[in-house]
Number of protein chains: 2
Amino acid sequence: QGQIVKPLNISKPSKMVRDIESKPVIITHPTDPVKEVALKLVENNINHLPVVDSRGKLAGIVTSWDIADAVARGKTKLEEVMTRKVIIAREDESVDIIARRIDKNNISGLPIVDKDSKVKGMITAEDISRLIGKK
Amino acid sequence: QGQIVKPLNISKPSKMVRDIESKPVIITHPTDPVKEVALKLVENNINHLPVVDSRGKLAGIVTSWDIADAVARGKTKLEEVMTRKVIIAREDESVDIIARRIDKNNISGLPIVDKDSKVKGMITAEDISRLIGKK
Ligand SMILES: C[S@@+](CC[C@H](N)C(=O)[O-])C[C@H]1O[C@@H](n2cnc3c(N)ncnc32)[C@H](O)[C@@H]1O
């Protein structure tokens with residue numbers, strides 16, 4: 001088929017995770033009720049929340065998809081639906097690398113974590129899509 | 001600050017919406033129970049579902065975020081939580097334009113709709129992020 005092939009209109013510097021506009025980190029705890037977590041997602045207009053243990057370290061991730069899972073399977077505790085094996089991002093990684101990680105793992109957001117497993121923020125497919133959108 | 005500025009490692013042709021690898025369209029109806037919609041999202045491992053009326057035309061959109069909203073507010077009917085004013089994509093639009101639309105409206109996916117309001121597919125921030133990831 002006669003496809004029109006134009007160069008992509010992108011000429012921005014390669015971004016690092018730390019250059020992504022960061023929002024305040026909102027967290028949740030493993031013992032939180034699903035209903036409370038749902039409210040937190042909705043009130044903050046977000047899709048992802050890092051789950052943090054009592055020492056402040058990353059213990060999992062919960063997304064609105066997990067809330068749908070809780071509804072579908074009738075679960076009420078966050079512990080029952082959160083994902084424990086979290087795929088993370090580091091501040092000194094490039095956004096290209098994170099885009100590939102998102103694709104490879106079929107996920108939509110990663111907690112940004114420092115060397116002590118403390119959560120610094122979130123990076124999402126929306127954040128990356130925004131780099132294409134804003135130019 | 002002494003930021004390192006490298007050219008973005010992207011040199012792909014400008015993609016159109018119709019070039020995005022399309023998955024089979026899964027739909028839902030306004031009268032579906034929230035629990036059933038949640039199950040559909042989870043079983044298909046997706047976050048967005050177009051809501052289609054009895055004539056097969058786009059009537060709204062529901063995302064896992066709306067399921068979280070249903071949980072938070074105790075709603076059980078899709079009609080109560082779906083979004084009726086849908087921001088859409090056309091097959092002949094460029095992916096750059098869609099990326100900007102996603103950003104501007106703080107959403108993560110758009111139904112791809114033809115001239116008769118028939119749903120042809122979905123395009124999401126993940127699909128666009130994938131274009132950066134795969135190169
Ligand atoms: C505003 S977003 C907030 C969370 C996050 N930014 C996201 O994109 O999912 C959530 C709301 O946007 C709505 N929404 C998602 N895609 C939409 C679209 N293409 N047109 C209109 N509303 C949409 C959903 O129905 C939901 O109520």
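Leaving aside its neighbours within four places in sequence, which residues is A:Leu78 in contact with? Please keep in mind, as I go through this, that what you are looking at is a predicted model. The contacts of A:Leu78 are A:Thr28, A:His29, A:Pro30 and A:Asp32, together with the valines A:Val34, A:Val37, A:Val51 and A:Val62.

That brings me to the largest nonpolar core, which has 34 residues, and in which A:Leu78 is among those that touch the most other members, along with A:Val62, A:Ile67, B:Val62, B:Ile67 and B:Leu78. Two or more residues of this core come from each of helix H1 (34-43), strand E1 (48-52), helix H2 (64-73) and helix H3 (78-81) in chain A, and likewise from helix H1 (34-43), strand E1 (48-52), helix H2 (64-73) and helix H3 (78-81) in chain B. There is also a second, separate core of 28 residues, and this one includes B:Ile20, B:Ile98, B:Ile112 and B:Leu131.

Let me turn to A:Val42, which sits in helix H1 of chain A. A:Val42 counts as buried because its relative accessible area is 16%, and the cut-off for that term is under 20%. Setting aside residues up to four places away in sequence, A:Val42 touches B:Trp65, B:Ala68 and B:Asp69. Within its own chain, A:Val42 is 22 residues from A:Ser64 in sequence, with 9.0 Å between their C-alpha atoms.

Finally, the annotation: an unreviewed UniProt entry gives "domain: CBS" for residues 16-78 and 82-135 of chain A. Residues 16-78 are 33% helix and 17% strand, and the end C-alpha atoms of that span lie 32 Å apart.

Terms used
Residues are numbered from 1 along each chain as its sequence is written. Chains are lettered from A and ligands numbered from 1 in the order in which they are written. This is a predicted model: local features need pLDDT of at least 70, side-chain atom pairs count only at pLDDT 80 or more; totals for chains, interfaces and linings use all residues. Side-chain values use heavy atoms; hydrogens and water are left out. A nonpolar core is a set of buried Ala, Val, Leu, Ile, Met, Phe, Trp, Tyr and Cys residues joined through side-chain atoms within 4.5 Å. Buried means under 20% relative accessible area, exposed over 50%, partly exposed in between (1.4 Å probe, protein chains only). Helices (H or I, at least four residues) and strands (E, at least two) are DSSP runs, numbered from the N terminus. Contact means heavy atoms within 4.5 Å. UniProt positions are given in the numbering used here, feature names are shortened, and annotations may be inferred rather than shown by experiment.
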